[in-house]
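Here is a short briefing on one structure. Look over the sequence and the coordinates first, then read the points below.

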Amino acid sequence: MSRKVKIGTRGSKLALWQAYHVEDLLKAKGIESEIVIIDTKGDQVLDVSISKIGSKGVFTQELEDQLLDGRIDIAVHSAKDMQSSLAEEFELIAFTQREKENDVLLSAKKGIDIRDASRPLVLGTSSTRRVATLKHFYPHIKTVDVRGNLQTRIRKMEEGLCDALLLAFAGVHRMGYDGMIAQELDLGEFTPAVGQGSVAVEAAKSLDPMLRAEIISACNHPETEFRLRAERAYLRVLEGGCSIPVFALANVEGDRLTLKGGIISLDGSERIALEVSGGKGDSEKLGEELAERVFAAGGKTILEQIKKSQAQQ
Ligand SMILES: NCc1[nH]cc(CCC(=O)O)c1CC(=O)O
């Protein structure tokens, strides 16, 4: 029997759900664990836009400090919130089975439909990918920035800030708000952020190899891992932080992996979306190949424009 695994997590409700999920997966394999809640810089500055405080590591720094000194054995994150390259000392060792990966509209109102241009609609979101996607496909829709956890966002919506919230299904489902889903969005239009819907388990490379292997066998979902490794390789080449409207979604059928992804200009005027496929064993190579193709098709110019305009903010 291995010793008790210490699971580090942020203290938000969604983060705790993820930590309990990993705890359950470990328990199913007879591995005992305990949850250690860690406050991060990102949790303390909720009123400031993440793109202003610098996205890199604001939610992960304190967790990584504790991984290094052994106060925790693993850190649990939403896979989509993990930067595409980690510092040398760390690695993502497992990706849990992915939840339905699409975005949804959440509303207390009836009859919400983003395709209905005859009715004014204000959507709350703080994601540049979602804003740019709306501008591209649904230019009649207005958006308003809304931050905070799901409960806070719902309260702001009910206070009249917006008609509906645009969110990942995974988070809505985990927090138990399925009943407020007004519309499921199309994966071809609202292609999700890299990693959306899966929980990533991070460890220091110095973690005991036996324990590492046990954690992987309990938590990792191999098909999800192939998909996420492809998506994350795409993101790594683009160096797209979470404030860049980059999207990618891989699917596995048998031994084949298909990766669709692209980039949108901030104003929605240009959207590049391409597809590559190959053996799932080559998932990272496929991610890199997609990035090269997106760059060559004009993505490089779009990315440079986005970085320039964000640097000026
Ligand atoms: N960026 C915030 C965030 N990080 C993970 C999720 C949802 C759960 C997931 O996709 O794993 C969300 C909320 C959202 O985008 O609606």
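In which sense do strand 1 and strand 2 pair, and over how many bridges? Strand 1 (residues 5-9) and strand 2 (residues 33-37) run in the parallel sense, with five bridges between them. The model is predicted.

**Strands 1 and 2**
- Gly8 has Val36 in strand 2 as its bridge partner.
- Helix 1 (residues 13-28) carries the chain from strand 1 to strand 2.
- This β-α-β crossover is right-handed.

**Ligand shell**
- Ser78, Lys80, Asp81, Leu167, Ala168, Ala170, Gly171, Gln196 and Gly197 are the residues around the ligand.
- Three residues of the shell are nonpolar, four are polar and two are charged.
- Strand 8 (164-168) supplies at least two residues of the shell, and so does helix 7 (169-174).
- The ligand lies between domain 1 (1-98 + 198-220) and domain 2 (103-184), because both give residues to the shell around it.

**Met82**
- Met82 sits in the loop between strand 3 (74-78) and strand 4 (90-95).
- Is Met82 buried or exposed? Met82 is buried, because 22 other C-beta atoms lie within 10 Å and the cut-off for a buried residue is 20 or more.
- Leaving out residues up to four places away in sequence, Met82 touches His77, Leu92, Gly195 and Ala200.
- Met82 and Ala200 are 118 residues apart in sequence. Their C-alpha atoms are 8.1 Å apart in space.

Key. Residues are numbered from 1 along each chain as its sequence is written. This is a predicted model: local features need pLDDT of at least 70, side-chain atom pairs count only at pLDDT 80 or more; totals for chains, interfaces and linings use all residues. A residue is near a molecule or strand if its C-beta atom, placed from the backbone, lies within 6 Å of it. Helices (H or I, at least four residues) and strands (E, at least two) are DSSP runs, numbered from the N terminus. Ala, Val, Leu, Ile, Met, Phe, Trp, Tyr, Cys and Pro count as nonpolar, Asp, Glu, Lys and Arg as charged, and the others, Gly among them, as polar. Domain bounds come from an automatic or database domain assignment. Two strands pair if DSSP finds at least two bridges between them. A crossover is right-handed if, with the strands pointing away from the viewer, the path from the first strand over the helix to the second runs clockwise. A residue is buried if 20 or more other C-beta atoms lie within 10 Å of its own, exposed if 12 or fewer, and partly exposed in between; C-beta atoms are placed from the backbone. Two residues are in contact if their C-beta atoms, placed from the backbone, lie within 7 Å.
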